[in-house]
Amino acid sequence: MVAEHFWYCMGVRGDWKAFCQMLCLTREPAKNEVCWICHATKGNDGNLDLAYTNTECRWKGTEYQSLPWDHPDPVLTELAGFDIRMAHPDLLHCWHLGVGRDLLGAALKVLIKSQYFPGRTHKQRLAAATSSLKRFVKNHKLSFSKKKLSKPMMNWTSHEFPELRTKGADTFAIGMWLAHLVETNPPAGLNDLSTALWTSNNVLTILARNKTFFLSDQERHQVNVLGRLFIDTYIRLAHQAILSGERLYRTRPKFHLVQHVFLSERSLNYQRYATWVDEDANKKLMKINRSTHRRTAAKRVLERWLVGVPTRLAKLRS
Ligand SMILES: [Zn+2]
């Protein structure tokens, strides 16, 4: 219980480096490994490849098989009830600040180039897209912190992968808007893109609508089916982009963490465990971490956190 609450309050960022930094862990990943949950690699290892998704994939069988640290065990493991399976990817960092940005940045670039939005020039189409987005955001009581959609905002240059430079809430709003557009007015010849937008948005919607920490069996099944369809489609889009010499649909290690979330056989609602409002706490805890001796930093962070537990529990009970 205590350990679980700790994870809920701390959250875990999406990548190995930050994970180790936050918990003062010492183990470096093996040369080709990309994941702190399983033994997935960058490739060249047959089906341990991080992008490999069929049912034979070996990395799924290696989840939580080894601990992501060397001896001695971090002080965190001394918490009553601690289990390494309490650590899982943070949906905010792996989707809204990760793969979601890659998908939606690429989607906007493709849709604008294909004249999905009206206008003779890219500038005019961006303006039309901005108007459409703002209407959608207003009608659905969402937020969008930018003044307009622009090429710099999606990292749109000829030599770079497009990627939204947005906050997590903006990524969420743009994802909902684009999924709505392609469902009501499908873009010609872009079936895979429409599928990727629609399936990913539906997974996020199922997680968001469930207000508890656990999904029902039916919800988990829907997440798995839609999630697998998204992953297969995104890999196909990325593969096609490589074949046509375009820099679109980047696949990076966070994409593998999204696979852990979307294909998870556990009933956790990752939306509820994401670090939406815990970033400020993380910053404070990292400050304590930096200002204390490396040997005792993890213990001091934990002690400071424990000081706040009674207040937190009282709030939850009230
Ligand atoms: Zn993994």
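## Zinc site and helix 4, questioned

Biologist: What makes His256 count as buried?

Modeller: This is a predicted model, and in it His256 has a relative accessible area of 0%. Buried means under 20%, so His256 is buried.

Biologist: And Cys35, why is that called buried?

Modeller: Its relative accessible area is 1%, again set against the cut-off of under 20%, so Cys35 is buried.

Biologist: Which atoms coordinate the zinc ion?

Modeller: Cys35 (SG), Cys38 (SG), His256 (NE2) and His260 (NE2), at 2.0 to 2.3 Å. Donors have to lie within 2.8 Å of the metal. Along the sequence the spacing reads C-x2-C-x217-H-x3-H. Cys35 sits in the loop between helix 2 (16-23) and helix 3, and His256 in helix 8 (residues 253-262), so this pair, 221 residues apart, links distant parts of the chain.

Biologist: Why is the arrangement called tetrahedral?

Modeller: The four donor atoms subtend angles of 98 to 118° at the zinc ion. Four donors count as tetrahedral if all angles lie between 85 and 135 degrees, so the label holds. For four tetrahedral donors the ideal angle is 109.5 degrees.

Biologist: Over to helix 4. How do you know that its span agrees with its residue count?

Modeller: Helix 4 has 18 residues (122-139), and at 1.5 Å a residue they should span 26 Å. The end C-alpha atoms are 26 Å apart, so the two agree.

Biologist: Which residues of helix 4 are buried, and what covers them?

Modeller: Among the buried ones are Arg125, Leu126, Phe136 and Val137. The cover includes helix 3 (91-113) and helix 5 (168-184). Just after helix 4, Lys141 takes a positive phi of about 55°.

Methods:
Residues are numbered from 1 along each chain as its sequence is written. This is a predicted model: local features need pLDDT of at least 70, side-chain atom pairs count only at pLDDT 80 or more; totals for chains, interfaces and linings use all residues. Side-chain values use heavy atoms; hydrogens and water are left out. Helices (H or I, at least four residues) and strands (E, at least two) are DSSP runs, numbered from the N terminus. The expected span of a helix is 1.5 Å times one less than its number of residues. Buried means under 20% relative accessible area, exposed over 50%, partly exposed in between (1.4 Å probe, protein chains only). Contact means heavy atoms within 4.5 Å. Donors are N, O and S atoms within 2.8 Å of the metal (3.2 Å for Na, K and Ca); water is not among the atoms, so sites may look incomplete. Four donors count as tetrahedral if all angles lie between 85 and 135 degrees; four count as square planar and six as octahedral if opposite donors are over 155 degrees apart and all others between 65 and 115; anything else is irregular.
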